[in-house]
Amino acid sequence: MQKLTQLASWKALEAHFEQVKDVHMRDLFAQDNNRFKKFSAQMDDILLDFSKNRITDETFRLLCDLAREVDVEGWRDQMFAGEPINVSEFRPVLHTALRNRSNTPVYVDGENVMPKINRVLAQMRYFTERVRGGHLRGYSGQLITDIVNIGIGGSDLGPHVVCDSMKPYAQRGMNVHFVSNVDPTHLTEILKFVKPESTLFIVSSKTFTTQETMLNAQSARSWFVELTANEKAVARHFVAVTTNKKAATEFGILEENMFEFWDWVGGRYSLWSAIGLPIALYLGMDRFEEFLDGAYAMDMHFRSAPLEKNIPVVLALLGIWYNNFFDAQSHGIMAYNQYLRRLPAYLQQLDMESNGKTINREGERVDYLTGPIIWGETGSNCQHAFFQLMHQGTKPVPSDFLIPARSKNPLGEQHCVLLANYFAQTRALMKGKTEEEARAELEALGSSPEVIEDVLPHKIFEGNKPTNSILFENLEPRTLGALLAMYEHKVFVQGVIWNINSFDQWGVEYGKQLASDIQQELASRHEISRYDDSTNNLINYCMMLKFSD
């Protein structure tokens with residue numbers, strides 16, 4: 001592939017940027033009363049308004065030209081067709097097959113994988129309905145009331161964000177908990193609130209060897225056996241999402257309670273698979289399939305909508321515009337819905353593990369910025385925390401603002417206040433406040449001329465801060481599925497444009513390798529000298545504190 005920065009469309013964007021980099025959105029809106037219609041897109045009830053961005057008609061046209069020149073549509077078709085686009089691991093990328101509600105054949109190495117997917121879905125339905133219906137109980141005959149999911153990364157973040165977001169749909173009396181951190185405090189604090197006779201543990205590890213997951217799983221097993229004095233009962237209280245049947249059997253899990261997924265499903269894309277078992281247990285299999293339906297609807301939109309009205313493509317192109325031309329280092333996720341409080345954490349892994357790369361698909365170092373830092377918080381909490389930086393700071397923070405038009409918990413006027421803040425903040429970030437407006441405001445308050453001159457500079461807001469508004473009717477399983485798939489495809493498109501492999505994570509693996517070596521050193525309790533001076537002294541000081549009498 002020709003070098004990204006040498007493409008005709010890229011050079012055209014560079015020239016265009018010099019012409020528009022100082023244009024203010026306040027002026028763009030004043031000049032064009034039709035911005036919303038031109039710069040918005042919709043899929044079902046999900047509306048994306050991207051008119052509050054530093055773009056003109058020409059900007060948007062050139063960005064779409066870039067998408068076409070790097071062949072986003074061709075790469076998209078390869079992904080859905082099961083081509084091995086994960087070039088460093090020689091694998092297809094088929095999380096989309098997991099939610100292929102049309103059931104049309106999807107082939108990997110000549111084999112249609114849909115029968116396997118359907119078999120696991122049927123297994124999940126049978127198991128979850130038995131647990132939720134009270135037919136499959138704990139060893140003492142008690143109903144299962146608590147689900148503890150033990151995983152890390154995608155085996156934790158995906159199910160966690162869905163279960164948190166969908167609490168209104170949870171079965172009454174059913175609780176779900178997530179253990180991921182190898183810090184023993186995480187598991188210990190959860191075990192304080194559950195009882196062994198009514199708790200079901202899900203151990204989610206493809207290989208059944210993931211260090212953090214298996215340490216937590218073994219600790220949970222020991223806790224269970226110690227309190228019940230019944231090792232055979234492990235089979236009634238532990239299930240596995242894994243491909244390693246031998247290791248799961250040795251742990252004490254029945255083969256009928258092992259749920260398979262495949263190496264063409266990356267961890268951060270795996271919540272659509274049996275990794276979603278805690279979702280199905282907590283919400284019911286019907287709701288889980290509604291979640292898949294929403295993702296499938298977004299898949300179809302991504303595959304068929306023209307680039308100019310294709311929501312994931314538009315979000316990706318705007319991110320390229322700010323990341324690579326305005327040098328924005330981060331991207332904010334502001335969800336004005338308390339149920340979505342885990343969304344920024346989920347999107348951090350999805351985006352930064354996928355596109356935090358310096359090497360392109362040809363193995364060469366890139367000479368441009370790739371994935372941004374993803375961060376965020378729920379509204380309106382974030383307004384009282386870091387929005388000061390967004391309004392008047394020196395760092396540009398392009399952001400997505402998400403909100404449902406209806407609340408699951410209508411309480412007085414609170415949702416109207418939330419909506420008002422949602423609309424006001426994006427307007428304020430776009431419009432800013434001029435010196436004249438600030439002066440008039442102070443004069444209206446009766447401030448003296450001396451006070452006005454002192455305070456005036458602090459009351460001016462530059463504005464021109466870009467935001468995307470994502471608005472939908474209700475936060476329901478189908479809607480959430482569509483939103484998460486939307487972000488998956490956005491990340492994919494950006495990876496295509498940057499010519500990087502969004503589906504490996506060798507940086508994660510490197511840290512694990514070093515940790516394994518150091519773990520052995522810690523166990524020896526000997527003074528360490530084999531590493532760099534900083535690491536040696538940190539380890540030695542820690543061992544002195546930890547093991548001294």
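Hi everyone. Let me start with a group of rings: Trp10, Phe17, Trp321, Tyr322, Phe325, Phe326 and Tyr368 together make up one aromatic cluster. Before going on, please keep in mind that this is a predicted model.

How many aromatic pairs does the structure hold? The count is 32. One of them is formed by Tyr422 and Phe423, in an edge-to-face arrangement, with 5.3 Å from centre to centre and 75 degrees between the planes. Those are the two values to quote, because a pair of aromatic rings is described by the distance of the centres and the angle of the planes. Now look at the accessibility of each partner. Tyr422 has 1% relative accessibility, so this residue counts as buried. Phe423, at 45%, counts as partly exposed.

The charged end of Arg99 is placed over the ring of Trp272, 4.5 Å from the ring's centre. Then there is Trp75, whose face has Arg361 lying over it, at 3.8 Å from the ring centre.

Let's move to helix packing. Helix α4 covers residues 57-69 and helix α14 covers residues 311-325; their axes come within 10 Å and cross at roughly 105 degrees. On the α4 side you'll find Thr59, Phe60, Leu63, Cys64, Leu66 and Ala67, and they meet Val314, Leu317, Ile320 and Trp321 of α14.

Next, two individual residues for you to click on. Arg76 is in helix α5, which spans residues 72-81. Is Arg76 buried or exposed? Its relative accessible area is 8%, and the cut-off for buried is under 20%, so Arg76 is buried. Setting aside neighbours within four places in sequence, Arg76 is in contact with Phe302, Arg303 and Phe492.

The other residue is His177, in strand β6, residues 175-179. His177 has 18% relative accessibility and therefore counts as buried too. Which residues does His177 touch, not counting those up to four places away in sequence? They are Asp146, Ile147, Val148 and Asn149, together with Ile190 and Val194.

Finally, the backbone. Gly379 and Ser380 are joined by a cis peptide bond, with omega at about 5 degrees. Ser380 is in the loop that runs between β11 (373-378) and α16 (387-392).

There are also positive phi values to show you. Phe90 is not a glycine, yet its phi is positive, at about 55 degrees. This residue is found in the loop between α5 and β3 (107-108). With a relative accessible area of 70%, Phe90 is exposed. Asp327, again not a glycine, has a positive phi of about 60 degrees. Where is Asp327 placed? You'll see it in the loop between α14 and β10 (330-335). Asp327 has a relative accessible area of 48%, which means that it is partly exposed.

Technical notes:
Residues are numbered from 1 along each chain as its sequence is written. This is a predicted model: local features need pLDDT of at least 70, side-chain atom pairs count only at pLDDT 80 or more; totals for chains, interfaces and linings use all residues. Side-chain values use heavy atoms; hydrogens and water are left out. Rings of Phe, Tyr and Trp (its six-membered ring) pair if their centres lie within 6.5 Å; planes under 30 degrees apart count as stacked, over 60 as edge-to-face and the rest as tilted. Buried means under 20% relative accessible area, exposed over 50%, partly exposed in between (1.4 Å probe, protein chains only). A charge sits over a ring if NZ of Lys or CZ of Arg is within 6 Å of the ring centre and within 35 degrees of the ring normal. Axes are lines fitted to C-alpha atoms, for helices over the stretch in contact, and angles run from 0 to 180 degrees between N-to-C directions. Helices (H or I, at least four residues) and strands (E, at least two) are DSSP runs, numbered from the N terminus. Contact means heavy atoms within 4.5 Å.
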